[in-house]
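Open the model in your viewer and keep the sequence panel beside it. The tour moves from stop to stop; select as you go.

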Amino acid sequence: MISYQICPIDPHAHLFEVKITIQAPAPRQELWLPSWIPGSYMVRDFCRNIIDLKAFDEQERPLSITQLDKQRWQIDSNAESLHLRYSVYAWDMSVRSAHLDQTHGFFNGSSVFLAVAGKELEPLELEIQPPKEEANWQLATTLSRTEGEEWQFGRFSAANYDELIDHPVEMGTFTHGSFEACGVRHDVILTGRHRCHMPRLLDDLKAICESQIRLFGEAPFERYLFMTQVLGNGFGGLEHRASTALHCSRKDLPLSMEMPVNKDYRTYLSLCSHEYFHSWNVKRIKPASFIPYALEAESYTRQLWAYEGITSYYDDLMTLRANRISNEQYLEMLSQTMTRVYRMPGRQLQSLTESSFNAWTKFYKQDENAANAIVSYYTKGALFALYLDLTLRLETQGKYTLDNLMQKLWQAFGSQGIGTEDDSHRRLYEELLGRDASAEFAFLDNTQELPLAPLLAQFGIEMQLRSAQGAQDQGGGDVEGQKIGLGARYKAEALGLRIVSVTNGSAAHSAGLAAQDLLIAANGLQVGALFENELQQYEPGDSLELH
Ligand code: ZN
């Protein structure tokens with residue numbers, strides 16, 4: 001048995017202390033830490049936060065440790081049991097790593113627990129201890145509890161290392177609510193200051209969860225936990241097998257039962273819907289190359305369009321199907337997804353499968369040139385899912401929809417623990433469509449525009465393109481665009497406009513503006529936040545002298 005113990009030993013210094021006991025270790029026992037966390041495809045080198053690693057034998061005699069690489073260590077001994085002790089610096093306010101201060105603690109196991117090499121498949125036990133100073137802290141996690149009251153610190157178990165690191169842990173003081181969806185218990189906790197009207201949030205989440213469980217026919221877990229850190233300004237989420245860790249902004253939460261679903265709350269509900277959909281689509285239906293996850297280096301797949309794109313298609317759609325937003329709101333969200341794709345000239349250079357494969361170095365490491373060079377497997381993947389759905393609905397006269405594809409994926413792969421290959425989605429889609437679908441799936445590998453307008457027209461929806469109303473315009477709405485655009489994103493500063501990025505083919509590109517430039521004046525007049533409005537007094541083709 002391998003046992004872990006973790007304690008928020010010094011919240012002021014943001015330090016967790018971790019102890020590991022390994023019975024009957026190998027004579028040359030290696031230990032390693034993941035370099036990335038499943039769901040977020042970037043090497044993050046969590047090892048950089050491991051401090052003061054020490055090893056002892058059963059008599060507490062120190063053992064020497066040989067470091068093999070940035071995240072792997074070896075201990076040579078004849079000990080009957082090995083005892084390791086180290087600290088983890090936890091000051092990353094994100095859902096991907098670990099964070100600890102005097103108000104709360106949060107961690108993913110992939111940031112704090114060294115894996116015992118060769119014993120990754122063995123059962124583990126874990127004790128989570130409270131901080132000494134904070135007597136009233138509670139604990140939330142979906143790890144299976146072996147000792148202690150619900151919401152209290154205690155002991156837990158996991159069948160293997162993969163399970164240990166797939167149940168994030170939140171500790172502190174939080175608001176709690178719960179509901180049942182299709183007979184399955186769901187808990188919701190909110191950490192941080194907020195004025196959320198919990199009954200409203202629970203009501204909306206219940207409807208969204210039920211619509212998803214009905215889509216797949218069954219919930220893949222016995223219990224589910226939404227845990228949200230409420231911040232002044234935050235957004236993000238990461239999916240896990242029975243929970244999700246989320247960040248939202250205070251303004252995103254509902255204040256009453258009656259409040260209409262505004263844009264902020266809509267964004268939060270879609271985020272919850274997105275991560276929940278991942279419970280099936282990527283946590284269980286997943287690429288074969290992710291079974292098991294290879295966590296010490298990049299793990300490549302050409303299928304993120306299916307796991308993030310289809311999930312992005314369904315996040316808004318399930319919110320609509322759960323009757324939480326109107327058709328008009330849904331179409332506005334769809335327009336905004338389209339806008340994000342059309343705003344990126346890189347869609348003409350990179351395909352969805354290339355975008356998936358290069359997530360590690362491109363999508364997750366976007367610089368000022370990203371829009372010119374890449375396409376998002378989230379947004380274009382969502383449009384590809386829409387394209388597949390509409391095509392299927394049209395050709396089968398509504399007999400089949402993309403829901404049927406998801407059900408087939410769940411039955412053939414997810415529920416069986418079998419991973420998908422690069423052609424699995426196409427093959428199941430062809431079974432529904434009743435013909436070869438290589439023409440449709442060619443859009444995964446080429447950079448042609450998806451023919452959405454003619455498809456949408458057959459469902460009574462007119463798709464129109466318009467020019468932007470400025471750099472902040474997210475798209476959607478029946479409004480007039482501006483006739484003159486700079487073609488650059490910028491931030492207003494005291495002295496002028498700081499260029500953030502330049503779109504290839506735009507006026508800014510022709511003029512030789514570059515990211516980081518400070519635009520001070522146009523035709524001798526100082527420029528400010530209203531620059532794009534002021535541009536409208538010119539005609540296309542006019543020239544401006546820029547300083
Ligand atoms: Zn996602």
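**Stop 1: a hairpin**

Select His176 and look across to E18: the residue opposite is Ile189. This is a predicted model. Now widen the selection to both strands. E17 covers residues 174–181 and E18 covers residues 184–191. The two pair in the antiparallel sense, over 8 bridges.

Next, go to the turn. E17 and E18 form a hairpin, with 2 residues between them.

**Stop 2: a charged patch**

Select Glu354, Glu421, Asp422 and Asp445 together. They gather on the surface as a patch of negative charge.

Zoom in on Asp445. Where does Asp445 lie? Look in the loop between helix H12 (438–441) and helix H13 (452–457). Is Asp445 buried or exposed? Asp445 counts as exposed because its relative accessible area is 54%, above the 50% cut-off.

**Stop 3: an open sheet**

Move on to E22, E23 and E24. These 3 strands form an open sheet, in the order E22-E23-E24, with antiparallel pairing. Which strands stand at the edges? They are E22 (488–493) and E24 (518–519). Each has a single partner strand, so one side of each is left without a neighbour in the sheet.

Finish on E23, residues 496–502. Strand E23 pairs with E24 in the antiparallel sense over 2 bridges. Select Arg498 and look across to E24: Leu518 stands opposite.

Conventions: Residues numbered from 1 in each chain as written. Predicted model: local features only at pLDDT ≥ 70, side-chain atom pairs only at ≥ 80, totals over all residues. Heavy atoms only, no water. Pairing = 2+ DSSP bridges. Helix = DSSP H or I, 4+ residues; strand = E, 2+ residues; numbered from the N terminus. Patch = residues over 30% accessible without salt bridge, like charges linked within 9 Å, V, L, I, M, F, W, Y side chains within 5 Å. Areas by Shrake-Rupley, 256 points an atom, 1.4 Å probe, with all protein chains shown as cover. Salt bridge = Lys/Arg side-chain N within 4 Å of Asp/Glu carboxyl O. Lys, Arg positive; Asp, Glu negative; His and termini not counted. Charge placed at Lys NZ, Arg CZ, Asp CG, Glu CD. Buried < 20%, exposed > 50% of the residue type's maximum accessible area, 1.4 Å probe, protein only.
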